[in-house]
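Hi,

Here is the structure I promised to pass on.

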Amino acid sequence: MERKILIPRADGLRSQVIFGSAATLLGGLIPEGTRVIAIVDANIDRCHGELLEAYEKIIIGQGESVKTLHTVEELLRELVAREADRSTFLLGVGGGIVTDVTGFVASIYMRGVHFGFVPTTLLAQVDASVGGKNGVNLDGYKNMVGCFNQPDFVVCDSSLLASLPDREFRAGLSEMIKAAVIGDEELFEMFEGHTFEAFRDDAELLSRAIERSVRVKAAIVERDEREAGERRLLNLGHTIGHAIEKSSRQMLHGEAVAAGMAVVARWAAEQGVCSGECADRICSVLERYGLPVDSPVEPNALRKAITRDKKRRGNRLALVVPVRIGECRIEMIDMD
Ligand SMILES: NC(=O)c1ccc[n+]([C@@H]2O[C@H](COP(=O)([O-])OP(=O)(O)OC[C@H]3O[C@@H](n4cnc5c(N)ncnc54)[C@H](O)[C@@H]3O)[C@@H](O)[C@H]2O)c1
Ligand SMILES: [Zn+2]
């Protein structure tokens, strides 16, 4: 049976997230005779070029520094040069950088063309490709320019992750553990009952866990696509995580989120919002997967980074805190 999740879109149609082999599924997802242009980075072209043989492709650079309006403009020019029209389909194949940029370009080229994603990092499969946030950074500020627009489809193919380095894989697991803490205790127990090696080697186990993580996000996005309220729950670990990321350039996003989650869980236990046992479980699972549970940034510097980040909200900070495993809530806290 095909495993898929349907997420309603603003246009009344539904975005589908499908779990299975991209090589098998892609042909059936794009209407026959459609001109497809794939947008990828050089790594993907090298590791998974066979997936792209049927399509024209455009290769973009790698890393956060290419997630800019400059790259968007270059892509738009390239589409014009290739005489892409409103019926052209854009297929983003890659990590979150590729999917964020592709989704944005597809949303504005000729006022919008159809697009789909094949995310190739664990982080992109469980997070970046799902939920319709597309965009780029501006002058070093993350995701300052963009739009909400969900792709026609996302194909989550766990076999594409075999070529992903361990460290990137681990960073993706961090966002899955986050999803479990927000809304799926059984998924959390899957992490407690297995090991890093099991998730790396057992494609079936990994695929089931990816699907459960996506379900947590999809359910929240369905209720609050434009982040008016509930969608902010997905920021568990991110307020502190972002501050850590900014102050210590050594950490990957997922690693910083893990440390942020651990710090917030211990704080929530101290405040009596969750039990000490709940905080301990969160920290032990993160450690079990080799993720950090402490901030490498000294508390005062961290506090400054958080204040800078949120200064528009005055002295109050919206912090997502665990209540128990599988349930979180947003607390307005005083920075003092
Ligand atoms: N739109 C959203 O809702 C959302 C959510 C979370 C994160 N993001 C964005 O996602 C971006 C990060 O995404 P990411 O972590 O996927 O990073 P990334 O896209 O930079 O990919 C990480 C690295 O892995 C390589 N790679 C990708 N797939 C591979 C594979 N299968 N095998 C070997 N190497 C592979 C890439 O070439 C790259 O060098 C950030 O810009 C972040 O803002 C967006
Ligand atoms: Zn994140």
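A few terms before the notes: two residues are in contact if their C-beta atoms, placed from the backbone, lie within 7 Å. Axes are lines fitted to C-alpha atoms, for helices over the stretch in contact, and angles run from 0 to 180 degrees between N-to-C directions. Helices (H or I, at least four residues) and strands (E, at least two) are DSSP runs, numbered from the N terminus.

Bear in mind that this is a predicted model: local features need pLDDT of at least 70, side-chain atom pairs count only at pLDDT 80 or more, and totals for chains, interfaces and linings use all residues. Residues are numbered from 1 along each chain as its sequence is written, while chains are lettered from A and ligands numbered from 1 in the order in which they are written.

Now the sheet. Seven strands make an open, mixed sheet, ordered β1-β2-β9-β6-β5-β3-β4 (strands pair if DSSP finds at least two bridges between them). β1 (3-8) and β4 (56-60) are the edge strands, each pairing on one side only. On average, neighbouring strands are turned by 20° against each other, direction ignored. β1 runs antiparallel to β2 (14-19) over six bridges, and I7 has S15 in β2 as its bridge partner.

α4 lies across β3 (36-41), β4, β5 (89-94) and β6, at about 165° to β5.

Cheers
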